[in-house]
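I opened the model to look up charged contacts, aromatic contacts and surface charge. These are my entries, in the order I made them.

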Amino acid sequence: DGKPVSLSPLESQPHSPRYTASSQRERESLEVRMREVEEENRVLRKQLSLAQSRSPSHHHGNHSKTYSMEEGTGDSESLRAGIVAGNSSECGQQPAVEKCETIHVAIVCAGYNASRDVVTLVKSVLFHRRNPLHFHLIADAIAKQILATLFQTWMVPAVRIDFYDADELKSEVSWIPNKHYSGIYGLMKLVLTKTLPSNLERVIVLDTDITFATDIAELWAVFHKFKGQQVLGLVENQSDWYLGNLWKNHRPWPALGRGYNTGVILLLLDKLRKMKWEQMWRLTAERELMSMLSTSLADQDIFNAVIKQNPFLVYQLPCFWNVQLSDHTRSEQCYRDVSDLKVIHWNSPKKLRVKNKHVEFFRNLYLTFLEYDGNLLRRELFGCPSEADVNSENLQKQLSELDEDDLCYEFRRERFTVHRTHLYFLHYEYEPASDNTDVTLVAQLSMDRLQMLEAICKHWEGPISLALYLSDAEAQQFLRYAQGSEVLMSRHNVGYHIVYKEGQFYPVNLLRNVAMKHISTPYMFLSDIDFLPMYGLYEYLRKSVIQLDLANTKKALIVPAFETLRYRLSFPKSKAELLSMLDMGTLFTFRYHVWTKGHAPTNFAKWRTATTPYRVEWEADFEPYVVVRKDCPEYDRRFVGFGWNKVAHIMELDAQEYEFTVLPNAYMIHMPHAPSFDITKFRSNKQYRICLKTLKEEFQQDMSRHYGFAALKYLTAENNS
């Protein structure tokens, strides 16, 4: 027990003179004891590994690497005897990845939903990583727009992103009939040797429905174990699919034994190119399609058919590098303890609803990254210099010019804060109107105004662009809310753009700018989330656009704003009904009680009897809701939270000589709600009010510098008000 056990050279030789039946029994007894000691050591190593994985440092990505003795051996069956011989691991530790070595990852991504999945995958990789990463994203136009904006605003150090046009690659694989739900994009991993840069030697290829539970560098290190002609690192398929016994007349593509799953692939690109991989998979696919007619599992069927013919190409990865949670899965045989897991693959159309006795553990791990604050992943890699990033350098320069002792420093800093932005969080479809008169309703909101969405959708049938200010966890709550709403799910012409929370202020004008920037129509109605437009306003505005020649004139069409203090309102269906409610005191002109100046220039007395549009002049503090062309100026980002955010924008429109025209048969009604956090801060915090006044004065000075003599009236009007 704990004493060294040794065998003398003579005792180990059965043909020596001293070798007797007695000594043979002793030897057998010693061998049994040695096996027991080895088993005890294995258990101790296991416990030590578990203790390390549970220590706090593990959760910060600082855990020391442990490499399983099973690495590369697989759980062989006779059908794979030829492969396993080349896969058995050597003694000694696996070669480590260089400290600042860049790890290359390729992902095929298309559409709105896949873009959301990619974010969760990337978060799980970033959480554990200690190396620079280079993501190669094969994306369609939709995914590229979403992910390019996301990574540009995420600004994660030591991460590089390159995009490759998936639509250009369609012709390479469109000749292959495919029944898999991934469609044509599910075949594009076959052409990575042609698509990725010719000087890229190796890459890890991942499906979008993957979650990492360890440092990806451990997987990258496995490339060092490839021998001979091994060019593909794959995990055995964990279902009986390729055995062909799942149902009567089930006829899968040819595969070696259970076949291999292509959710995680290690590709030695340089060797594959030399082997003429393109020619190899094409010839195999053409031959098999003569009898199979189509693929059922997209690229996976073709990879397996090639491997069946050329088993020497494969290095079999241990199954914990791709624990497959599909229907009919055998994944539970792959691990003794959940701490063994390194990569989880949700490769069932059911995704999180798949059956597995440990699915709660897997689901919680996935949800951890789904709701994890992505801003926390902006950490530097110590000792690894990041590539110079122009946006990051400009941001640092702008921030360094601010005075941190300034009492309004936090307000000024917000203007330069880069908020991570995920465009088109849900599926979006828009068919442009043939008459070029279409109008998008633009608004912004936070979690506490979510209940307004269904009502707005019922009142406005046209396209809508919304910027939502949410945390990562709130974004998932919103997703569940939207997916559970028949009203919201029936509308595909609503663009939901998530701007992730950061800092202490509500960046109202940044949100408006994000929503404005991503409209697909020539005109936009700049509204707020608390307003319900009158029924039929969408069609009325489209007619007004033509009538008032908005295409060729600088006009801002004003939709008069009213409010109710009643939470349950019988919404007026006509102007006559609205006027009656106004007279009865059920409705009021907007902010009549607290901020008359904001809408007084609309001239509600004239509007009551007006039958044609009429022009009004700008006055101090005017902040109407307007319809403008999409090329109108942005909102000024220095104004955050409550106060002057719309006033400054209307002032800018006036300075650019927009003509304000009131629409006689349009209206919108503000619905009651609890005071926002920002208006409460404005009312209770003296410094908040002082800083807002300072920002107003600076804005007016900027206006004078930009617009010259014409802008002097804004200073005069402010002094007189």
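Entry 1, a salt bridge within a helix. I started with Lys 170, which forms a salt bridge with Asp 167; the closest N and O atoms are 3.4 Å apart. The model is predicted, so I read this distance as a computed value. I then checked where the two residues sit: they are 3 residues apart in helix α5 (residues 166-173), so about one helical turn separates them. For Lys 170 I noted a relative accessible area of 30%, which makes this residue partly exposed. Asp 167 also counts as partly exposed, at 33% relative accessibility.

Next I looked up Arg 258 and Asp 240, whose side chains meet in a salt bridge at 2.3 Å, N to O. Both residues lie in the loop between β6 (232-236) and β7 (260-268), so the pair ties together parts that are 18 residues apart in sequence. Is Arg 258 buried or exposed? I found a relative accessible area of 10% for Arg 258; the limit for buried is under 20%, so Arg 258 is buried.

I went on to Asp 528 and Arg 512, where the side chains meet in a salt bridge of 3.2 Å, N to O. Asp 528 is in the loop between β15 (523-526) and β16, and Arg 512 is in helix α17 (residues 508-517). I recorded this as a link between distant parts of the chain, 16 residues apart. Both Asp 528 and Arg 512 are buried.

How many salt bridges does the count come to? I get 34 salt bridges. I also looked for linked ones and found a network of salt bridges that joins Lys 123, Asp 373, Arg 420 and Asp 472.

I turned to the rings and got a count of 27 aromatic pairs. One of the pairs I opened is Tyr 112 with Tyr 424, which is edge-to-face, with 6.0 Å centre to centre and 65 degrees between the planes. This pair links distant parts of the chain, 312 residues apart: Tyr 112 belongs to helix α3 (residues 111-128), and Tyr 424 to the loop between β11 (421-422) and β12 (439-446). I noted both Tyr 112 and Tyr 424 as buried.

I then opened Tyr 535 with Phe 571, an edge-to-face pair at 5.6 Å centre to centre and 80 degrees between the planes. Tyr 535 lies in the loop between β16 (531-533) and α18 (537-547), while Phe 571 lies in the loop between β18 (561-563) and α19 (575-584). The two are 36 residues apart, and the pair links distant parts of the chain. Tyr 535 is partly exposed at a relative accessible area of 41%, whereas Phe 571 counts as buried at 7%.

Entry 6, an aromatic cluster. I looked up Trp 220 and found that this residue forms one aromatic cluster with Phe 223, Phe 226 and Tyr 315.

Which residues gather in a patch of negative charge on the surface? I listed Asp 403, Glu 404, Asp 405 and Glu 410. I placed Asp 403 in the loop between α12 (390-400) and α13 (409-414).

Notes. Residues are numbered from 1 along each chain as its sequence is written. This is a predicted model: local features need pLDDT of at least 70, side-chain atom pairs count only at pLDDT 80 or more; totals for chains, interfaces and linings use all residues. Side-chain values use heavy atoms; hydrogens and water are left out. Patches are made of residues with over 30% relative accessible area and no salt bridge: like charges are joined within 9 Å, nonpolar side chains (Val, Leu, Ile, Met, Phe, Trp, Tyr) within 5 Å. Accessible areas come from the Shrake-Rupley method with a 1.4 Å probe; for residues, only the protein chains shown count as cover. A salt bridge is a side-chain nitrogen of Lys or Arg within 4 Å of a carboxyl oxygen of Asp or Glu. Lys and Arg count as positive and Asp and Glu as negative; His and the chain ends are not counted. The place of a charge is taken as NZ of Lys, CZ of Arg, CG of Asp or CD of Glu. Helices (H or I, at least four residues) and strands (E, at least two) are DSSP runs, numbered from the N terminus. Rings of Phe, Tyr and Trp (its six-membered ring) pair if their centres lie within 6.5 Å; planes under 30 degrees apart count as stacked, over 60 as edge-to-face and the rest as tilted. Buried means under 20% relative accessible area, exposed over 50%, partly exposed in between (1.4 Å probe, protein chains only).
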